[in-house]
Amino acid sequence: MQEDMYSVEQVAALLGLHVRTVRSYIRSGRLNAVRIGKQYRIAKSDLEQLTGRSTEPTGTAGAVEVSSIVQLDGVDRAAADRLGSLVLAGVGAPRVQTLYDEHRHRLKIIVIGELAETAEVMQLLDSVLNSETGLLTGE
């Protein structure tokens, strides 16, 4: 059985990431890929492994998993580090990953988990971003 394969550009578009970020994942071993000529190809199962979705049926009827990407523009490195640390310290079971793009001053927070757990992370982010504590401005 032949498995679906994606290009680096397709994976970047699917995940809302920059192409260089996807290539960095491949070089660091975080995302498995096969090099064909001058291009990488990523298997569907490897992409699902990166995003946390299982390729095997779980056998649990009605199980819900949420994947969310929160993008914050205009964030400096120090604020991104503070917010990333706060979110990572405040979460329980969901998988959370933060990515900072130095050139675009953009922070992406990727949350994967059950519906209620993901909602808690989103509520935490909402309260932090809408508070007047100055977390993002360093005040």
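Select aspartate 81 and arginine 77 in helix H4 (residues 77-90), where the two are four residues apart and therefore separated by about one helical turn; helices here are DSSP runs of H or I with at least four residues, strands are runs of E with at least two, and both are numbered from the N terminus. The model is predicted, so local features need pLDDT of at least 70 and side-chain atom pairs count only at pLDDT 80 or more, while totals for chains, interfaces and linings use all residues. Residues are numbered from 1 along each chain as its sequence is written, and side-chain values use heavy atoms, with hydrogens and water left out.

Show the side chains of aspartate 81 and arginine 77, which meet in a salt bridge at 3.6 Å, N to O; the term requires a side-chain nitrogen of Lys or Arg within 4 Å of a carboxyl oxygen of Asp or Glu.

Next, select arginine 106 and aspartate 73, whose side chains form a salt bridge of 2.7 Å, N to O. This pair links distant parts of the chain, with arginine 106 in strand E6 and aspartate 73 in strand E4 (residues 65-73), 33 residues apart.

Then move to arginine 23 and glutamate 9, a salt bridge whose closest N and O atoms are 3.6 Å apart. Arginine 23 lies in helix H2 and glutamate 9 in helix H1, so the pair ties together parts that are 14 residues apart in sequence.
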